[in-house]
Amino acid sequence: LMAIHSVFEERESWSDEFFTLGCPLNNLAQEMSPIDEGFRRRIEKIFLEWREALSEALKNGQIQGTVDKSINTEESSLFILASIEGTLSMTKNHQNKDVFYSCCRELKRYLDSLKAK
C-alpha cells in the first residue's frame with residue numbers, strides 16, 4: 001500500500017508541467033476514445049495492464065498479511081486507478097498543485113483503510 005502511495009508523495013523535482021499538462025495517457029483517452037475505436041481499445045489495454053498490476057500488488061499484500069483479505073482487489077484497483085487519473089485531471093483543470101496534494105492525502109487515507117487489522 002505504501003509503495004502505491006509513495007509514487008504520489010510531494011517531490012521538489014517535479015516540474016510545473018507535471019501539474020499543468022495532466023496525464024498524457026488520460027489526455028489521449030479523453031480526446032481520442034470517442035473518435036477512433038481501435039485507438040480506444042489500445043488505450044484501454046494500457047489501463048487494464050495498470051489495473052492488473054495494482055490488483056496483483058494488493059493480492060500480494062493479502063498473502064503477506066498487510067492488506068485486508070476481505071477487499072475485492074479488482075474493484076479496489078479500479079478505484080485506485082480512477083482516483084489517480086481523476087486527481088491528475090482535476091489538477092490539470094485547476095492548474096494548481098495543491099489540488100493534487102489534497103487528492104493524494106485522501107488516496108492515502110483510502111489506502112490506509114485497506115490495511116489488515
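Helices (H or I, at least four residues) and strands (E, at least two) are DSSP runs, numbered from the N terminus, and in this numbering glutamate 85 has its place in helix α5, which covers residues 73-94. The structure is a predicted model, in which local features need pLDDT of at least 70 and side-chain atom pairs count only at pLDDT 80 or more, while totals for chains, interfaces and linings use all residues. Residues are numbered from 1 along each chain as its sequence is written, and side-chain values use heavy atoms, with hydrogens and water left out.

**A buried charge**

- Glutamate 85 is buried and yet has no salt bridge, where buried means under 20% relative accessible area, exposed means over 50%, and partly exposed lies in between (1.4 Å probe, protein chains only).
- A salt bridge here is a side-chain nitrogen of Lys or Arg within 4 Å of a carboxyl oxygen of Asp or Glu, whereas the nearest side chain of opposite charge to glutamate 85, that of lysine 92, is 10.0 Å away.
- For these charges, Lys and Arg count as positive and Asp and Glu as negative, while His and the chain ends are not counted.
- Leaving aside residues up to four places away in sequence, glutamate 85 touches Cys23, Asn26, Phe47 and Trp50, a contact being heavy atoms within 4.5 Å.

**Cysteines**

- A disulfide is a covalent bond between the sulfur atoms of two cysteines.
- With a disulfide taken as a pair of cysteine sulfur atoms within 2.5 Å, the count comes to 0 disulfides.
- The sulfur of cysteine 23 is too far for a bond, because the closest cysteine sulfur, in cysteine 104, is 13 Å away.
- Cysteine 103 is likewise in no disulfide, and the nearest cysteine sulfur, that of cysteine 104, is 7.0 Å away.
- Cysteine 23 counts as buried at 12% relative accessibility, whereas cysteine 103, at 26%, counts as partly exposed.

**Salt bridges**

- By the salt-bridge rule, the count comes to 9 salt bridges.
- Arginine 40 and glutamate 44 meet through their side chains in a salt bridge (3.3 Å, N to O), and both lie in helix α4 (residues 37-64), 4 residues apart, which is about one turn of the helix.
- Arginine 40 is partly exposed at 25% relative accessible area, and glutamate 44 is partly exposed at 43%.
- Glu37, Arg40, Arg41 and Glu44 are linked in a network of salt bridges.
- Glutamate 56 and lysine 59 form a salt bridge (3.7 Å, N to O), and because they are 3 residues apart in helix α4, about one helical turn separates them.
- Lysine 108 and aspartate 112 form a salt bridge (3.0 Å, N to O), and both lie in helix α6 (residues 97-113), 4 residues apart.

**The nonpolar core**

- A nonpolar core is a set of buried Ala, Val, Leu, Ile, Met, Phe, Trp, Tyr and Cys residues joined through side-chain atoms within 4.5 Å.
- The largest nonpolar core has 24 residues, and those with the most contacts inside it are Leu58, Ile80, Phe100, Leu111 and Leu114.
- At least two residues of this core come from each of α3 (24-32), α4, α5 and α6, and the largest share, 5 residues, comes from α6.
- Not counting residues up to four places away in sequence, leucine 58 touches several residues, among them Leu1, Ile4, Val67, Ile80 and Leu114.
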